[in-house]
Amino acid sequence: MEVMAKQRALLLGMAGLGAAVAVTWLFQWKTKRRLRKVGEVSQLFLYPVKSCRGIALEEVECREYGLRSGHLRDRHWLVVKENKVQVTASQEPRMVLITATCGNGHLTLRAPDMADLHIPLELPKENAVFNCKLHGHAVQGRDCGEDASIWITGFLRSDQRYRLVKFEDTMKLRNPKNEHVMYTENVQVAYSDLSPLLLLSEASLDDLNSRLETKITVGNFRPNILISACDAFDEDTWDEIQIGSQVTLRQVIPCPRCILTTVDPDTGIINMKEPLKTLRSYRLCDTVDKAVYKSSPLFGRYVKVMKKGTLKVGDPVYHITY
């Protein structure tokens, strides 16, 4: 009994020592963590339907899979072809004219010269669940019904039938690291491209506009978070940031830009040239990774959510260093 008591006392002592070491490490880590203010949140955007118009919000929830406002979640609805392959504004530029809002238990779609379409947020369980293809990889979606299919097909003036699907909580999220050679993080998204959030600065947009004959807006680039009060391309150097007092984000990879940037968000017309041509003149990758990005200019940053919370317009943005 005396031996057992001594062993127990020894184990408790070791456990106490381990806890003390952990507390000491945590204290040292926190004291080494430095916050330097580098900007402010000027705009927040949530895109309920992938490739459709974004909603500007004053306050949103930042979750692991992206932004949420009430029942609306970022890129949780997707337009697909009859073969269940994604449809984007690169193929159907008029998609950027479709606005999605939420109220009274319905997702409401609005577009020029179209009657509003109201889709139940809770879709009937008898609606089919499809295995859709996004960037060549499978992801599920529940069909939103015939009315949605007819409405979207009609507005886009398509010769083939399109369908709208919704990602539900019980479905398996995608991991983008299976879709891009430079992506090494483990994150979970629904229909977003390569990360839960895309970040851009106003100064970077202003720098681009100083080189263009016809000015463009942030709508051409579809970020979730727009940052002000910093210099052009400062966001390239922020490995990790804190926004406000809660949200912590870590940079994953730069955003390679495609022909979608040439779609005018106000008219739904694609010009196939600008701003992509100008971006290629000074924003191509010039490191060892240029063989990966090739002719895709880099503009904005994909980020991973390290600590979730609430984001508000006006929140300070801090660069974290250790």
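**An aromatic cluster and its surroundings**

Phe 221, Phe 233, Tyr 282 and Phe 299 are linked into a cluster by ring pairs. The model is a predicted one, in which local features need pLDDT of at least 70 and side-chain atom pairs count only at pLDDT 80 or more, whereas totals for chains, interfaces and linings use all residues. Residues are numbered from 1 along each chain as its sequence is written, and side-chain values use heavy atoms, with hydrogens and water left out.

Six aromatic pairs are present in the structure; rings of Phe, Tyr and Trp (its six-membered ring) pair if their centres lie within 6.5 Å, and planes under 30 degrees apart count as stacked, over 60 as edge-to-face and the rest as tilted. One of these pairs joins Phe 221 to Phe 299 in a tilted arrangement, with 4.6 Å centre to centre and 50 degrees between the planes. Because Phe 221 lies in the loop between α3 and β14 (225-228) and Phe 299 in strand β17, this pair ties together parts that are 78 residues apart in sequence. Helices (H or I, at least four residues) and strands (E, at least two) are DSSP runs, numbered from the N terminus. Phe 221 counts as buried at 1% relative accessibility, and Phe 299 counts as buried at 0%; buried means under 20% relative accessible area, exposed over 50%, and partly exposed in between (1.4 Å probe, protein chains only).

Phe 299 also forms an edge-to-face pair with Phe 233, at 6.1 Å centre to centre and 70 degrees between the planes. This pair links distant parts of the chain, 66 residues apart, with Phe 233 in the loop between β14 and β15 (240-243) and Phe 299 in strand β17. Phe 233 has 16% relative accessibility and therefore counts as buried.

Two arginine residues were examined in relation to the rings. The charged end of Arg 211 sits over the ring of Tyr 282, 3.6 Å from its centre, and that of Arg 283 sits over the ring of Phe 233, 4.0 Å from its centre. A charge sits over a ring if NZ of Lys or CZ of Arg is within 6 Å of the ring centre and within 35 degrees of the ring normal.

Helix α3 (residues 202-209) has Ala 203, Ser 204, Leu 205, Leu 208 and Asn 209 as its buried residues. The elements that cover these residues include β13 (197-201), α4 (276-282) and β17 (298-307), where contact means heavy atoms within 4.5 Å.
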